[in-house]
Amino acid sequence: MESLSSSFHAIIFPRNNNINVKSPQTLTITTVVKSAKPLAMPAPEKLFRRLKYSPPPPMKINLIERIFKSVDDFISTFLEDSTLHPSIDPKKVLAGNFAPVAELPPTACETVEGYLPSCLDGAYIRVGPNPQFAPPGCPYHLLDGDGMLHSVRISGGKATFCSRYVKTYKYQVEKKMGYPIFPSVFSASAARFVLAAARVLAGQFDPVANGFGQANTSLGFFCGRLYALCESDFPYAVELTSGGDLVTM
């Protein structure tokens with residue numbers, strides 16, 4: 001089994017006054033996750049199966065939801081063009097480095113080059129789109145994915161890697177349903193917006209009161225708090241624990 005690794009370079013300025021360093025030191029850190037496999041782009045419905053991702057158990061579907069799900073399947077089968085432009089084709093958009101990955105709990109990383117000074121204490125965190133569920137064959141834009149945080153926590157001469165979803169309102173509703181129901185503002189057809197409006201009227205979700213964004217665009221640090229941001233939604237406060245885990249507040 002091959003390992004999945006990533007590297008970043010840092011110029012380190014020690015903050016410890018007892019350390020006499022005439023010039024900043026360059027450090028290369030390579031994080032290695034030995035349990036990962038090389039990512040290849042299978043059919044959309046097999047994306048998460050190949051990554052050993054187990055979707056949460058779906059909720060018990062009532063009659064109204066059965067009707068909505070049937071309409072959703074009808075739209076995918078008969079109303080949407082099966083020949084998609086490469087920019088919205090999930091088979092091409094979710095390929096290579098952009099293929100979805102599952103959550104990863106705090107995992108110790110191996111430093112294969114250089115070393116981590118004991119005075120270095122902090123974290124590198126980024127956020128980006130990563131769909132919770134494989135797209136159901138419909139148009140998919142790169143920014144449609146749910147926000148996922150990736151972090152490298154460095155402390156005590158060791159590095160810890162972690163990947164967690166931002167637990168947005170959209171993420172939690174669709175996790176409960178067991179499949180995506182929010183339409184994409186970038187690529188959804190008019191029929192999907194009509195279906196979403198019907199779901200809102202039926203009380204399945206309320207985007208007006210709770211938002212509908214993915215928190216997948218950027219991170220902002222304000223007044224001592226870290227926020228996952230998206231232009232179309234509320235900010236979500238996130239926290240990095242001492243153990244290297246990422247938690248949505």
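Helices (H or I, at least four residues) and strands (E, at least two) are DSSP runs, numbered from the N terminus. The model is a predicted one, in which local features need pLDDT of at least 70 and side-chain atom pairs count only at pLDDT 80 or more, while totals for chains, interfaces and linings use all residues. Residues are numbered from 1 along each chain as its sequence is written, and side-chain values use heavy atoms, with hydrogens and water left out.

The protein chain contains 6 helices and 10 strands. Of its 249 residues, 39% are buried (under 20% relative accessible area; exposed means over 50%, and partly exposed in between, with a 1.4 Å probe and protein chains only). Among the chain's contacts (heavy atoms within 4.5 Å) with a separation of 6 or more, 67% join residues 24 or more positions apart. The chain exposes about 14,400 Å², 57% of it supplied by carbon and sulfur atoms; accessible areas come from the Shrake-Rupley method with a 1.4 Å probe, and for residues only the protein chains shown count as cover.

Next comes the second largest pocket. On a 1 Å grid over the protein atoms alone, a pocket is an open set of points where a 1.4 Å probe fits, with protein on both sides within 12 Å along at least five of seven lines, and lining residues have an atom within 4 Å of a point. This pocket holds about 550 Å³ of space, a volume being the space filled by probe spheres set on the points, which are joined across faces, edges and corners. Its lining has 37 residues, and Asp144, Lys170, Phe182, Pro183 and Ser184 lie nearest the centre. Helix 4 (169-177) and helix 5 (190-201) each supply at least two lining residues, with helix 5 giving the most, 4 residues. By type the lining divides into 20 nonpolar, 9 polar and 8 charged residues, where Ala, Val, Leu, Ile, Met, Phe, Trp, Tyr, Cys and Pro count as nonpolar, Asp, Glu, Lys and Arg as charged, and the others, Gly among them, as polar.

A nonpolar core is a set of buried Ala, Val, Leu, Ile, Met, Phe, Trp, Tyr and Cys residues joined through side-chain atoms within 4.5 Å. The largest has 18 residues, of which Leu149, Val166, Tyr169, Val173, Ile181, Phe182 and Phe205 touch the most other members. Helix 4, strand 8 (225-229) and strand 9 (236-240) each supply at least two residues of this core, and the largest share, 3 residues, comes from helix 4. Apart from it lies another core of 7 residues, including Cys109, Leu116, Val152 and Ile154.

Ser151 sits in strand 5 (residues 147-155). Is Ser151 buried or exposed? Its relative accessible area is 1%, so Ser151 is buried. Beyond neighbours within four places in sequence, the contacts of Ser151 include Tyr124, Phe161 and Leu246.

Most residues other than glycine have a negative phi. Ala215, however, has a positive phi near 55°, and Cys223 has one near 50°. Ala215 belongs to the loop between helix 6 (207-210) and strand 7 (218-222) and counts as buried at 1% relative accessibility. Cys223, in the loop between strand 7 and strand 8, counts as exposed at 66%.
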